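Here is a short report on a metal site and the ligand beside it. Please look over the structure first.

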Amino acid sequence: AGTDVDAPLLDTEDSIEDNWRGVVDVIDSLLEKADACLDEFTGVIKKLSPTEEEQAPVVRKTSRFPTTYDYGPSKIPKPQLLFDHKPDNSDLGPFHPLLKTKPHAIIPLEKSLTQREINGATAYPHPYETEIRKAQYPRSVYETSPPVDYLSFGGTTATFVDTLDGVKEMLEELKQAKEIAIDLEHHDVHSYHGLVSLMQISTRNKDWVVDTLKPWREEIQMLNEVFADPNILKVLHGSTMDIIWLQRDLGLYVVGMFDTFHAASALRYPKRSLKYLLKKFVDFEADKRYQTADWRVRPLPSGMFDYARSDTHYLLYIYDCLRNALVEASIPKENLIDYVQGRSKNEALQRYERPVYDAGKGQGAGGWYDLLSRNPSPVLSKEQFAVFRAIHQWRDEVARAEDEGWQCVFPKHMLFKLAQVMPLDMGTLLRTLSPMTPLTKSRAADLLATVKEAKAAGLTGPEWRDIAPLPKHLPTAVAVDMEDV
Ligand code: AMP
Ligand code: MN
Ligand code: ZN
């Protein structure tokens with residue numbers, strides 16, 4: 001009823017088969033509308049607070065139609081160009097952990113950094129694997145005690161840490177704590193692998209916001225003295241990506257973690273997001289629209305600073321409430337604290353590995369196989385499939401070379417559009433890709449040649465369904481339900 005296209009009449013089961021193209025058109029048009037409504041919806045939210053909108057350089061859609069993101073060149077200079085250790089996206093070797101010393105080691109550093117065979121590939125093991133497995137929560141985690149009240153948010157402020165001396169001072173204070181809360185903000189639009197842009201840390205009486213885009217960012221691994229200390233509890237919410245980001249960018253590992261997401265799971269709460277827990281225990285309304293802001297911006301606008309701070313400010317209080325609930329809900333046969341400890345260990349044991357581009361089978365998160373199987377849009381001919389595959393790889397190569405996200409080359413839906421149209425002349429290419437990102441514009445001739453070549457070769461190539469996927473049990477990237485983070 002809500003569509004503008006002519007809907008086919010479906011009176012028998014067979015008529016669905018016969019009219020599937022028309023069914024797809026109806027669904028496409030409804031999705032377009034839903035997309036437009038979401039645009040308006042976010043627009044309404046932003047309009048509520050225009051001053052804050054100016055402060056938050058979020059990724060904005062350029063207009064209602066077409067639904068393309070504004071992934072043009074950024075006004076913010078790339079911080080990674082100044083890093084002591086600059087990203088090298090052409091390096092496909094196993095990821096070498098950044099660890100230079102290993103505080104709280106059971107297995108010494110040298111032995112923890114020897115390559116071995118892992119899942120059929122040569123790799124470095126997780127350097128804190130033994131320590132994480134052997135760690136035991138302190139006794140206090142298994143006992144109830146009255147929640148320690150958080151300090152007033154408005155009456156206190158966070159310390160912004162953007163010098164190495166500042167990190168050292170913070171470390172000395174963290175060593176005195178029994179438990180600390182940690183969270184990260186991340187940027188992935190103008191970087192191939194992504195950049196940890198901020199690290200928020202809270203104790204019972206202080207908040208810090210650490211700038212992790214400084215040239216010396218890898219020195220921050222000195223915090224392993226606390227992060228790897230099993231006697232200091234680290235409270236994180238939905239730590240899956242944080243664990244990966246910490247080891248990839250900062251060389252940080254977490255021994256003795258309590259993930260409040262898994263605690264909410266164990267307690268079977270109807271929702272497990274931080275937003276829900278903040279509302280339930282603190283009656284605090286989290287303004288999650290900052291989640292996708294460009295966290296590289298400096299100086300940090302006060303709205304973003306406060307948002308970042310609020311992600312850890314109340315977390316130790318929430319931990320107190322959850323711990324008490326878990327202890328009370330535990331039965332001799334099933335200790336829920338142990339459940340949370342086990343789940344948190346699994347998160348902490350994750351190992352970062354560089355994404356390697358798999359041209360042949362298209363495997364991996366963001367690989368062409370995944371994209372095609374999630375978008376069973378119009379069937380692609382052999383030629384169209386060959387073009388899809390070729391431009392998908394082309395996009396990855398450009399993104400790596402420029403150290404940009406894939407979307408900055410061209411957005412996902414353009415892969416499908418280009419494959420369907422298979423432009424063979426510059427005019428058609430420009431029209432198909434309009435609006436064209438600067439990265440693609442400067443390489444348009446190369447892209448055109450890639451399309452032509454792939455189309456010609458595709459005639460005698462495989463159908464996409466003929467390329468068998470890898471068996472499901474092989475490790476694939478973890479899917480994160482953003483609603484829960
Ligand atoms: P958080 O722990 O909620 O502060 O999120 C950490 C980081 O995850 C953010 O800085 C974003 O980079 C990313 N992120 C979280 N939620 C979303 C989302 N809904 N969409 C895209 N990125 C997100
Ligand atoms: Mn987080
Ligand atoms: Zn956060």
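What follows covers the metal site, then the ligand shell.

The model is predicted. Three residues coordinate the zinc ion (ligand 3): Asp183, Glu185 and Asp311. Along the chain, the donors follow the spacing D-x1-E-x125-D. Distant parts of the chain are linked here: Glu185 sits in strand E4 (residues 179-187), and Asp311 sits in helix H11 (residues 302-313). Glu185 and Asp311 are 126 residues apart. Both Glu185 and Asp311 are buried.

What is the geometry of the zinc site? The site is irregular, with angles of 97 to 136° among its four donor atoms.

Asp183 bridges the zinc ion (ligand 3) and the manganese ion (ligand 2). The two ions lie 4.2 Å apart.

Ligand 1 has 13 residues around it. Those that come nearest are Asp183, Glu185, His186, Gln291 and Asp311.

| Residue | Distance to an oxygen atom of ligand 1 |
|---|---|
| Asp183 | 3.2 Å |
| Glu185 | 2.7 Å |
| Asp311 | 2.9 Å |

On its own, ligand 1 has 480 Å² of accessible area, and the protein covers 79% of that.

Which elements build the shell around ligand 1? E4 and H11 each supply at least two residues. The largest share, four residues, comes from E4. By class, the shell holds six nonpolar, three polar and four charged residues.

Technical notes
Residues are numbered from 1 along each chain as its sequence is written. Chains are lettered from A and ligands numbered from 1 in the order in which they are written. This is a predicted model: local features need pLDDT of at least 70, side-chain atom pairs count only at pLDDT 80 or more; totals for chains, interfaces and linings use all residues. Side-chain values use heavy atoms; hydrogens and water are left out. Donors are N, O and S atoms within 2.8 Å of the metal (3.2 Å for Na, K and Ca); water is not among the atoms, so sites may look incomplete. Four donors count as tetrahedral if all angles lie between 85 and 135 degrees; four count as square planar and six as octahedral if opposite donors are over 155 degrees apart and all others between 65 and 115; anything else is irregular. Buried means under 20% relative accessible area, exposed over 50%, partly exposed in between (1.4 Å probe, protein chains only). A residue is near a molecule or strand if one of its heavy atoms lies within 4 Å of it. A polar contact is a pair of N or O atoms within 3.5 Å; within protein, one must be able to donate a hydrogen and the other to accept it, and residues adjacent in sequence count only if both atoms are side-chain atoms. Accessible areas come from the Shrake-Rupley method with a 1.4 Å probe; for residues, only the protein chains shown count as cover. Ala, Val, Leu, Ile, Met, Phe, Trp, Tyr, Cys and Pro count as nonpolar, Asp, Glu, Lys and Arg as charged, and the others, Gly among them, as polar.
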